[in-house]
Amino acid sequence: MILRLSMLSAAIALSCSTAAARQPDFSIQLNSLASYTGSGAGAAGTGIEIVAYDRGSRRVFAINAGKNTLDVVDLADPVNPLRVAVVDFATYGGGVNGVAVHDGLVAVASEGTTKTDAGSVVFLDAVTLEVLGQVRAGALPDMVTFTPDGEYLLVANEGEPSEDYAVDPEGSVTVIDLRAGVVAATARTADFSAYVGQESALRAQGVRIFGSQRIVQPDGSVVRVPSNAAQDFEPEYVAVQGPRAYVTLQENNAVAVLNVGQARIESVLPLGFKDHSQVGNKFDASDREISSSQGRVNIASWPVFGMFQPDAIATLKVRDEVFLLTANEGDARVYPTAAGLVPGFGEGGIFNEEVRVGSGGFALDTTLFPGALLPTSDPANPKNAANLGRLN
């Protein structure tokens, strides 16, 4: 979808008295101009996921993970987006996951043929689409971003476990030095090895480390081996601010701080919980309508805590303060997933961090929730589907 943003501002009103000037009222209006349908549209698993824009060539670069391709779209005329090319990445790996552009240089994250193996970043010229080089990265490279000066490319290597949770590679951030150009690029890995052995202390601080590998023995028995911190941390998204970058660890409900120049993780910051009983923290706890008169939305206070588990992150510097803006997806681990079921196991049959409040095995504190003593069909019971019953 292509949108035009119009900044509309009201004039500053000055009174005849000595009253201070009123701040202008800004608003944004979005108008649809055109749409672009990705290559292979309609086929199972296809779809445009991540886009990046190159101002010099006026081109959009869009990854299609289901097709393992990169769509190149000319936006010289935004009303008529024109597909220039579809670049096949099958030669470089098992799937494209992220794309970024800086001054005509396109970087595409490509996972290994086996997603738990090392992946790479492929660099292309935005105009000629010539492949300029390929640099090795960590397991399952996902989001990629350039530093504002274009000297470094940062790669979030998610290191997701295999679908049967038999292999759990380490998460990391690859720091690619581009100061000498793509041909002479070098890569360093910022890993979490320093945190191995500190799992108990990290949990006590509020960092979630709960991964558990499933190892099948020769006799068919299954042994559970806890994942260490380096394996359990799964970098999701990176935002740069000055000499540091901030990396979301979604499943761990934390953010890692990266020293870019040293390619070193300096700290891991737990995000804690949001108290949904506090003023301003109301939320809709159910995906079921309450009544035909009230509709499907029920914003209310509940005495529960929610994790942030952020996906995307951006930074904002105001004077000397740096703010982190996060998109809190709230996505926990469930293996196998619906998209990749392991024979003999339903969704979540191997590993599942979630439990539904309304399930029979989940008990509520009846001193805090006295209504839980009522039948679940009773609207006064918090485990009712219209209340907290559907909450994971």
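Modeller: Let's start with strand 18, residues 244-249: 5 of its 6 residues are buried, so the strand is largely enclosed by the rest of the structure. Keep in mind that this is a predicted model.

Biologist: What does buried stand for here?

Modeller: Buried means under 20% relative accessible area.

Biologist: And how do side chains sit along a strand in general?

Modeller: In a regular strand they alternate between the two faces of the sheet.

Biologist: Which strands pair with strand 18, and in what sense?

Modeller: Strand 17, residues 235-241, pairs with strand 18 in the antiparallel sense, over 6 bridges. Strand 19, residues 254-259, also pairs with strand 18 in the antiparallel sense, again over 6 bridges.

Biologist: Which residue is the bridge partner of Val-238?

Modeller: That's Val-247, in strand 18. Going over to strand 19, Leu-249 has Ala-254 as its bridge partner.

Biologist: How many residues lie between the strands in each hairpin?

Modeller: Strands 17 and 18 have 2 residues between them, and Gly-242 in that turn has a positive phi of about 65 degrees. For the hairpin of strands 18 and 19 the count is 4, and there Asn-253 takes a positive phi near 55 degrees.

Biologist: Now the surface. Which residues form the negative patch?

Modeller: Look for Glu-329, Asp-331, Glu-347 and Glu-354.

Biologist: Where does Glu-329 lie?

Modeller: Find the loop between strand 24 (321-328) and strand 25 (334-335); Glu-329 is in there. Patch residues need over 30% relative accessible area, and Glu-329, at 46%, is partly exposed.

Methods: Residues numbered from 1 in each chain as written. Predicted model: local features only at pLDDT ≥ 70, side-chain atom pairs only at ≥ 80, totals over all residues. Heavy atoms only, no water. Patch = residues over 30% accessible without salt bridge, like charges linked within 9 Å, V, L, I, M, F, W, Y side chains within 5 Å. Areas by Shrake-Rupley, 256 points an atom, 1.4 Å probe, with all protein chains shown as cover. Salt bridge = Lys/Arg side-chain N within 4 Å of Asp/Glu carboxyl O. Lys, Arg positive; Asp, Glu negative; His and termini not counted. Charge placed at Lys NZ, Arg CZ, Asp CG, Glu CD. Buried < 20%, exposed > 50% of the residue type's maximum accessible area, 1.4 Å probe, protein only. Pairing = 2+ DSSP bridges.
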